[in-house]
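Work through these exercises with the sequence and the 3D view side by side. Try each task before you read its solution.

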Amino acid sequence: MALVLFSCNTSENASETENPTETEKNMNFNDAHSFAQPQIATITHLNWDVVVNFDEKIIEGTATYDLKTAEGATEIILDTKNDLEVISVTADGEKANFTAGSFVEHLGNPLAIEITDQTKQISITYKTSPNAAALQWLSPQQTANKTAPFLFTQSQAILARSWIPVQDGPGMRFTYDAKVKVPEGLIALMSAKNPKEKSADGVYTFKMAQPIPAYLMALTVGDVEYTQLGAHTGIYAESSLTEKASYEFAEMEDMLVAAEKLYGKYQWEVYDMIILPPSFPFGGMENPRLTFATPTIIAGDRSLTALVAHELAHSWSGNLVTNATWDDFWLNEGFTVYFERRIMESLYGEEYAEMLADLGYQDLQQTVEDYMKKNQASDTHLKLNLKDRDPDDGMSDIAYEKGYFLLRLLEKSVGRKKFDAFLKNYFTQNAFQVMTTEAFLDYLKANLLSEEFYEELKVDAWVYGPGLPENCPVPESNRFEKVEAQITAWQGGKPAAELDTAGWSSHEWLHFVRSIPMNLDLKQMTELDNTFGFTNSGNSEILAAWFQHTIRNNYTVADPVVKNFLINVGRRKFLTPTYKAFKEAGKIEQAREIYAEARPNYHSVSTQTMDELLGE
Ligand code: BES
Ligand code: ZN
């Protein structure tokens, strides 16, 4: 497999447009997850013209690319996977030779197209296969309204190549236009300038004027309607969810205003969100201009909107300044969690944000402990080494929470004012560019920390070392301390009904459910459930945390609820711990039985993980 050594000045044309400071950056990187050789030829613009065929579960059409080539270039290599079928290729209008290479684990198949260094444009006519990993085709039954089919993509980390032949690494960017034909009655939306109304003929056009990496390519097709929330914000949802969603996310515009106040102007003009069917494998995905979100964050009380703050924050960390490779994933996610909590703090205050940080700290400690037990200490480094592995393996609380705590340490060490100015400049100066971990550390030394302070804070140990360094800031939530006091009182014999839970937010309830002892008897489980109604909770986080207890403690009253949840919800973050609980409680047969029924409802991202978890 060809590794990519990207150097900004190897392409003749590139040096004219590149920011001169760019050459000084520590910006050499290998992307072990793409066949592309951007130092030879890159795509600068995509014109995508396709038909979405729900009957055959395929997308077919033509992708036309503008190229930038280095002197002597003879080919351009794109990524594909999952039997994406190339029908014909032209270069500057003439038929061109191409070779579809053989499959390489974790990468897919390279597509090499013959060009010269004078080639300006190539066109690829192709169709996807029904098992394209990014795509999930849903029947009406799997949607909220139950009246129309639905399609959505999930491209991150390296699944864009299953539906578009493309240079599929985060270090390469291009702009795009698209024309998409869908069945009448459905609306198509992309990570681009979007329609607000259905078209009569099912044809939609799109424009993404800012350069983005392939993992931010996104498409969804369904029967959804648009509701404006604020001057720059809106929500797409199926009609039966519109009212609930509009209430739940009414603060989106406030979040956008708070975010801009913190770290500079929002660069993507509008910020909309679409509520997808429950099989969406993630909580949210930061597709530019249109975040894709799970309906499981609609709790009825706006308590799970930190996810909106998170995906919005990616409009800076990730979408503007992008991790160069998936080994640098913490630059996307750690910065985003930090930014997310600052948005939440602006809207709801310090105490509130501190509860979120505390929950994150608990997750992080658990994750570090689990990796250490599995002898995978190097997976607790911020800078990862995912070569020959699925980049999905890097998606753990390390990138998110250890990344967050490093930034929190920096903030604490230099003071908020200085740190905010630093971050704002970082986003501004590196906008629409890639960032390696090394370039960030150089930037940190050049703009925030003296060499001595850098050493003192042990930044290298944070980035290249295992576990949680001793100087990790520890969140202190006095609201959670009160929760813990009530648990102690209950364990000391005070009836659940007499506990002081007045005014608790769902975060306090979540902390309560997570912190009660794991081994409870039937009487205790029943008492808690009858008093607090956990089994009937409308809050997916609380419900999933409660399942840990119901499964392990044989509280079978909850079994039908657990089963129903697993069959309907495909969000991996909930599926993994729930199926794991069955396994660890010695009930793998029960888990497999449910999974057999649920699996057809899941996206490939989730089935891949669950197949492994529940396999023989
Ligand atoms: N970009 C991620 C989702 C992702 C990461 C998809 C890696 C594929 C590979 C997104 O921003 C995210 O972090 N989602 C979280 C939300 C959260 C931390 C608030 C999720 O889905 O749980
Ligand atoms: Zn994220």
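**Exercise 1: A loop residue**

Ile297 is buried, with a relative accessible area of 2%. Buried means under 20% relative accessible area, exposed over 50% and partly exposed in between, with a 1.4 Å probe and protein chains only.

Before going on, note the ground rules. This is a predicted model, in which local features need pLDDT of at least 70, side-chain atom pairs count only at pLDDT 80 or more, and totals for chains, interfaces and linings use all residues. Residues are numbered from 1 along each chain as its sequence is written, chains are lettered from A and ligands numbered from 1 in the order in which they are written, and side-chain values use heavy atoms, with hydrogens and water left out.

Task: Where is Ile297 found, and how many residues apart in sequence are Ile297 and Gly284?

Solution. 
- Step 1. Find the loop between strand 19 and helix 4; Ile297 is there. Helices (H or I, at least four residues) and strands (E, at least two) are DSSP runs, numbered from the N terminus.
- Step 2. Count along the chain: Ile297 and Gly284 are 13 residues apart.
- Step 3. Go to space: their C-alpha atoms are 9.4 Å apart.

**Exercise 2: Thr296 and its contacts**

Task: With which side chains does the side chain of Thr296 make a polar contact?

Solution. 
- Step 1. Thr296 lies in the loop between strand 19 (290-293) and helix 4.
- Step 2. Check its cover. Thr296 has a relative accessible area of 10%, so it is buried.
- Step 3. Apply the rule. A polar contact is a pair of N or O atoms within 3.5 Å; within protein, one must be able to donate a hydrogen and the other to accept it, and residues adjacent in sequence count only if both atoms are side-chain atoms.
- Step 4. List the partners. The side chain of Thr294 is at 2.8 Å. The side chain of Arg571 is at 3.1 Å.

**Exercise 3: Ligand 1**

Task: How many residues surround ligand 1, and which element gives the most to the shell?

Solution. 
- Step 1. Collect the shell. A residue is near if one of its heavy atoms lies within 4 Å. There are 16 such residues, and the closest are Gln156, Gly283, Glu286, Glu311 and Tyr400.
- Step 2. Look at the polar pairs. An oxygen atom of ligand 1 is 2.6 Å from a polar backbone atom of Gly283. An oxygen atom is 2.9 Å from a side-chain N or O atom of His314. A nitrogen atom is 3.1 Å from a side-chain N or O atom of Glu333.
- Step 3. Name the elements. Strand 18 (284-285), helix 4 (306-313) and helix 5 (329-348) give two or more residues to the shell. Helix 4 gives the most, with three residues.

**Exercise 4: Backbone angles**

Task: Which two residues does a cis peptide bond join, and what is phi of Asn82 and of Arg289?

Solution. 
- Step 1. The cis bond joins Gln156 and Ala157, with omega about 0°. Ala157 is in the loop between strand 10 (150-153) and strand 11 (173-181).
- Step 2. Phi of Asn82 is near 55°, a positive value in a residue other than glycine. Asn82 is partly exposed, at 22% relative accessibility.
- Step 3. Phi of Arg289 is near 70°, again positive in a non-glycine residue. Arg289 is buried, at 8%.
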